[in-house]
Amino acid sequence: MRILLVEDDENLCYTLQYQLEQEGFLVDTCMDGEDALFFIRERVHDLILLDRMLPSMDGISVLKALRREKIFTPVIFLTALSSLQDKITGLDCGADDYMVKPFAFEELMARIRCLSRRPQKWEGSSVISLGDISFDPDQKKLFCHTKECSLSKKEGALMEIFLRNPGQILPRQTLLSRVWGPDSEVEDGNLDNYIYFLRRRLRSVDSRLELKAVRGVGYQLEVYR
């Protein structure tokens with residue numbers, strides 16, 4: 001699981017990073033709201049730990065921007081703002097949980113485990129629609145108007161990542177890690193082959209969505225308006 005930790009207290013940031021990595025998580029860190037948006041748009045994360053009081057852009061503004069862009073990565077606020085209204089505001093803006101500093105690391109781990117038991121948030125079991133297509137992750141079926149086709153397991157995993165991150169440039173390493181596993185020795189060429197397969201699937205159902213290569217970076221699913 002990859003976590004983005006957004007915390008402007010340097011000591012706390014590095015302490016939490018170390019503790020989370022000891023639990024086996026991959027952790028990206030940043031200490032600025034605008035940097036957080038950049039990280040989120042450039043890389044797929046399974047969870048975001050977000051401070052509310054940040055330089056350049058506060059946590060509430062970051063969260064609102066994510067939800068406007070249809071990025072539904074689970075978010076836990078980690079903040080010193082502890083009033084009832086603060087909590088209500090954070091949750092109403094789209095946060096999945098709200099923790100007040102100081103907190104015990106064991107409680108944070110319990111909250112993360114709780115979120116991981118919500119399949120609708122983490123596994124994407126419902127049909128995903130984007131542009132002119134719909135995709136059923138359970139049945140691995142792609143629909144466009146009156147046409148449909150079945151996808152293999154890895155084709156389906158790739159398609160789901162692209163559909164949940166429309167318009168984002170997804171790095172090759174992120175795609176390889178999410179579909180084949182972080183410790184897999186799969187070659188880059190396998191990813192290119194599966195991108196080719198997905199393009200064929202999209203053409204077979206007459207979709208206008210296009211998978212574009214971004215030279216030296218990765219791939220992007222482009223949606224025509």
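In the predicted model, the count of aromatic pairs comes to 5. One of these pairs is formed by W180 and Y194, whose ring centres are 5.5 Å apart. The planes of the two rings stand at 70°, so the arrangement is edge-to-face, the angle being over 60 degrees. W180 belongs to helix 8 and Y194 to helix 9 (residues 188-204), so the contact ties together parts of the chain that are 14 residues apart in sequence. The two partners fall into separate accessibility classes: W180 has a relative accessible area of 16% and is buried, whereas Y194, with 21%, is partly exposed.

Charged contacts were examined next. A search of the whole structure finds 14 salt bridges. Among them is the contact between the side chains of D46 and R178, with an N to O distance of 3.5 Å. This pair links distant parts of the chain, 132 residues apart. D46 is located in the loop between helix 2 (33-42) and strand 3 (47-50), while R178 is located in helix 8 (residues 172-180), the helix that also contains W180. D46 is buried, its relative accessible area being 18%, and R178 is partly exposed at 37%.

Two further salt bridges involve R111. In one, the side chain of R111 meets that of D97 at 2.7 Å, N to O. D97 counts as buried, at 16% relative accessibility, and R111 is partly exposed, with a relative accessible area of 23%.

In the other, R111 is paired with E107, the closest N and O atoms lying 2.6 Å apart. Here both residues lie in helix 5, with a separation of 4 residues, or about one turn of the helix. E107 counts as partly exposed, at 33% relative accessibility.

Definitions and conventions:
Residues are numbered from 1 along each chain as its sequence is written. This is a predicted model: local features need pLDDT of at least 70, side-chain atom pairs count only at pLDDT 80 or more; totals for chains, interfaces and linings use all residues. Side-chain values use heavy atoms; hydrogens and water are left out. A salt bridge is a side-chain nitrogen of Lys or Arg within 4 Å of a carboxyl oxygen of Asp or Glu. Helices (H or I, at least four residues) and strands (E, at least two) are DSSP runs, numbered from the N terminus. Buried means under 20% relative accessible area, exposed over 50%, partly exposed in between (1.4 Å probe, protein chains only). Rings of Phe, Tyr and Trp (its six-membered ring) pair if their centres lie within 6.5 Å; planes under 30 degrees apart count as stacked, over 60 as edge-to-face and the rest as tilted.
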